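Welcome! Take your time and turn the picture around as you go.

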Amino acid sequence: MIRRIIRRPVTVFMLIAGLCLLGGVSLRQLPIELFPNTELPQLIISISGPSNADPSYVEHYAVIPLEGAITGLENIERIESFVSRRNATIYVYYNQSSRQKYDYLKLQDRVAAAAAQLDESFQVFVVKTDPEQLSNMFLSFQARGEGGLDQIRTV
């Protein structure tokens, strides 16, 4: 096998050149995004209750009715609730293929309808994480050194 390769250097060169050409063409066809989609498939419902409310009261009179209202929505993967004194947070995780703008509006409608049935002492907010704030967390880079600013930029 090695003797055949040694005897036919032109064929080997043409195969390698073809593979390099194929790689170059494939590299140009790859989509590259400067700002990739960083939207998290999650929405947050924040519940604030009366100042003297214990966690069981907040859970029974606010969290359970809100969870019941949003369970019928589509594309929901799971729902997690965390209850503390006076406050509660419901995390709604969606499928990766869901449309976040549409799901956000549907969730707001359901939460608003369910919040109208709650006690007036509860305040309910739907929070959407802002991808622009998250983009600042991906990479932090500092360049320090002696010399002028132009010299540091070239390095």
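With a relative accessible area of 34%, Arg-86 is partly exposed. You can find Arg-86 in the loop that links S2 and S3. Please keep in mind that this is a predicted model.

Most residues other than glycine have a negative phi. The hairpin of S2 and S3 has three residues between its strands, and Arg-86 with its positive phi belongs to this hairpin.

Asn-75 also has a positive phi, near 70°, and is likewise a residue other than glycine. Look for Asn-75 in the loop between H3 and S2. Asn-75 counts as partly exposed because its relative accessibility is 30%.

## The chain as a whole

Let us step back for the overall plan. The protein chain contains six helices and four strands. Starting at the N terminus, the order of its elements is α-α-β-α-β-β-α-β-α-α.

How much of the chain is buried? Of its 155 residues, 21% count as buried. Among contacts in the protein chain with a separation of 6 or more, 66% come from residues 24 or more positions apart.

## The four-stranded sheet

In what order do the four strands lie in the open sheet? The order is S2-S3-S1-S4, with antiparallel pairing. S2 and S4 (123-128) are the edge strands, each pairing on one side only. On average, neighbouring strands of this sheet are turned by 15° against each other, with direction ignored.

Now follow the pairs across the sheet. S2 (residues 76-83) and S3 run antiparallel and are joined by seven bridges. Within this pair, Ile-76 stands opposite Tyr-94 of S3, and Arg-78 has Tyr-93 of S3 as its bridge partner. S3 (residues 87-94) also pairs with S1 (residues 42-48) in the antiparallel sense, over seven bridges. S1 and S4 run antiparallel too, joined by six bridges.

Ser-48 is a handy landmark here. Its bridge partner in S3 is Asn-87, and Ser-48 also stands opposite Gln-123 in S4.

Leaving aside neighbours within four places in sequence, Gln-42 is in contact with Tyr-91, Val-92, Tyr-93, Gln-100 and Thr-129.

Val-127 lies in strand S4. With a relative accessibility of 37%, Val-127 counts as partly exposed. Apart from neighbours within four places in sequence, Val-127 is in contact with Leu-43 and Ile-44. Val-127 and Tyr-91 are 36 residues apart in sequence, and their C-alpha atoms are 9.8 Å apart in space.

## Helices on the sheet

H3 lies across S1, S2, S3 and S4, and runs at about 165° to S2. H4 packs on the sheet as well, touching S1, S3 and S4. The direction of H4 makes about 175° with that of S4.

## Where the two helices meet

How do H3 and H4 cross? The axes of H3 (residues 55-70) and H4 (residues 100-115) come within 9 Å and cross at roughly 140°. That angle is why H3 is described as oblique to H4, since angles over 145 degrees would count as roughly antiparallel. The crossing of the two helices is right-handed.

Which residues make the contact? From H3 come Leu-66, Ala-69 and Ile-70, while H4 contributes Leu-107, Arg-110, Val-111, Ala-114 and Ala-115. Sorted by class, the contact of H3 with H4 has seven nonpolar residues, no polar ones and one charged residue.

Conventions: Residues are numbered from 1 along each chain as its sequence is written. This is a predicted model: local features need pLDDT of at least 70, side-chain atom pairs count only at pLDDT 80 or more; totals for chains, interfaces and linings use all residues. Side-chain values use heavy atoms; hydrogens and water are left out. Two strands pair if DSSP finds at least two bridges between them. Axes are lines fitted to C-alpha atoms, for helices over the stretch in contact, and angles run from 0 to 180 degrees between N-to-C directions. Angles under 35 degrees count as roughly parallel, over 145 as roughly antiparallel, 65 to 115 as roughly perpendicular and the rest as oblique. A crossing is left-handed if the near helix is turned anticlockwise from the far one by less than a right angle, and right-handed if clockwise. Contact means heavy atoms within 4.5 Å. Ala, Val, Leu, Ile, Met, Phe, Trp, Tyr, Cys and Pro count as nonpolar, Asp, Glu, Lys and Arg as charged, and the others, Gly among them, as polar. Buried means under 20% relative accessible area, exposed over 50%, partly exposed in between (1.4 Å probe, protein chains only).
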